[in-house]
Amino acid sequence: MNTEVKLHPSTELLNQFIQGELVTGKSVVVSAHMELCKSCRAKAEELQAHAVSSWVDPGSALQSDQPSEVDYSSMLASIVKSPQIKSEPIEELVEIDIDVLNHSIKLPKVLAKAASEGLQWKKVAGGISEAHLFLDNETLCEFIYMAPGCQVPVHTHQGSESTLVLDGSFEDELGEYKASDFIIRDGQHNHQPRSKEGCLCFAVLDSPLKFTEGLARLMNPINSYKFKKATSRLA
Amino acid sequence: MYRNYAKQDVFSNEVGLTVRLASMNTSTTSLDTEEAEDSAVSDESLLIAVGNTQDINAFNQLFERFSKKIFALGMKLTRNEQLANDLIQEAMLNVWQKAPLYDLDKGSAKGWIFTLSRNRCFDMLRKQKRQPSTISADDIWPLESGAEPASVHDDMAGQQVELSLIEGYFDQLSDPQRAVVEQIYIKDRTHEEAAAYLQIPLGTLKSRLRLGVAKLRNLIGVDQ
């Protein structure tokens, strides 16, 4: 496991994560990073402790008036009749073949589970393959594989894109990214990722990519279409 | 203190329970004797009693302490009163079902209940939005997501020698003494939590602890 993770989710994002405020796609990518990153686990634990103490604080802002006329006694009576769970469920191991890679890698558990129904790889352009996952109606989630030496056309993001590097590395104008790095890109960044050694990532977009240069611009309506299709399949 | 309370049958008066729940909304200042007494029992002891002996009174206590909080969490995340009310049921049912899996290594009871509530809320919303069920909240927030065992060992490597020395003496304690010393010094529990866990009175725990520690000190050769 890579011990030198350089890029992490922001404190704000981690906090939204532990509060349960993120949509599923974003929650999954943050969770997958945390499985690979000890320092984020420690940070999340601290944030959670903080969230819990403000949750139970009688003076906290998080107060709502529970309808007082509701009678909970029958609810309680039915709950205590349910059987209890006496032992931890045995964790099923999910194995996923990443058939675009010529070697096997171990995916973070949450991603392996999310992909357990199988990945359908599609070649898109110049050595790039994608496999979509349908996790929620608001994000586009996909595994992206860049073959050694390939390059994505220059693009910006209309929303934000969270990318977790799973294997190999890629670089763009702003730096080089290795396994376990968590990268956020949004409308401010105009970037052109490329990979020398090949790279497997998991990316979550909360709106479609926008290509900004050359012929690739012709693909913009197609990208919007793809995004709509991916996110509406569940609606 | 808790034992006295456990003898009362809350369920013998269901109306009484509802009234007390309703009164929580208005009076936070005037604690009557019963409530003052209740607050002395830790959430952890109550949860462990629910897990160990299916203690319905302890469960009712937890319900009183947490249902409002769960409702507030539900309102924040769903902005829907009906869903927030459903969440009380989902989350408290989960607390009842999983209570036997709780122990103090899993952190504070309120943290554990928060985790269950958030997770049930997340799954409820996913179901409502008809999102696929390939993954659930428990995959995203694994319950054992705390410290990784390997890292704990790293930190403790330096103490290993000393510990193994003490462990040798540890075996010379009687079983009940060793259980108590283990709860307090190894698992780092409070006296109250350890007594609830071992299901022995607090006084018994304290005397076993005193005798056990004295014996260990003697064996190691520490001055008292």
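Predicted model: local features only at pLDDT ≥ 70, side-chain atom pairs only at ≥ 80, totals over all residues.
On the side of chain A that touches chain B, at least two residues come from each of α1 (11–18), α2 (24–36), α3 (38–56), α4 (73–79) and α5 (109–114) of chain A. The most is given by α3(A), which contributes eight residues to the side of chain A that touches chain B. Sorted by kind, the residues of that side of chain A comprise 25 nonpolar, 17 polar and 14 charged ones.

## Extent of the interface and its salt bridges

Contact between the two chains involves 56 residues of chain A and 62 residues of chain B. Together chain A and chain B bury about 5100 Å², with 60% of this area on carbon and sulfur atoms.

Three salt bridges are found across the interface of chain A and chain B. E138(A) forms a salt bridge with K129(B), and the closest N and O atoms of this pair lie 3.8 Å apart.

## Nonpolar cores

In soluble globular proteins, nonpolar side chains tend to be buried together. The largest nonpolar core here has 85 residues, of which F143(A) and F202(A) touch the most other members. Leaving aside residues up to four places away in sequence, F143(A) touches a set of residues including L107(A), L111(A), W121(A), L133(A), L166(A) and C201(A), as well as F202(A). Another core lies apart from the largest one and has 14 residues, among them I144(A), Y177(A), A203(A) and L205(A).

Conventions: Residues numbered from 1 in each chain as written. Chains lettered and ligands numbered in written order. Heavy atoms only, no water. Contact = heavy atoms within 4.5 Å. Buried area = accessible area lost by both parts, 1.4 Å probe. Salt bridge = Lys/Arg side-chain N within 4 Å of Asp/Glu carboxyl O. Helix = DSSP H or I, 4+ residues; strand = E, 2+ residues; numbered from the N terminus. Nonpolar A, V, L, I, M, F, W, Y, C, P; charged D, E, K, R; others polar. Core = buried A, V, L, I, M, F, W, Y, C linked by side-chain atoms within 4.5 Å. Buried < 20%, exposed > 50% of the residue type's maximum accessible area, 1.4 Å probe, protein only.
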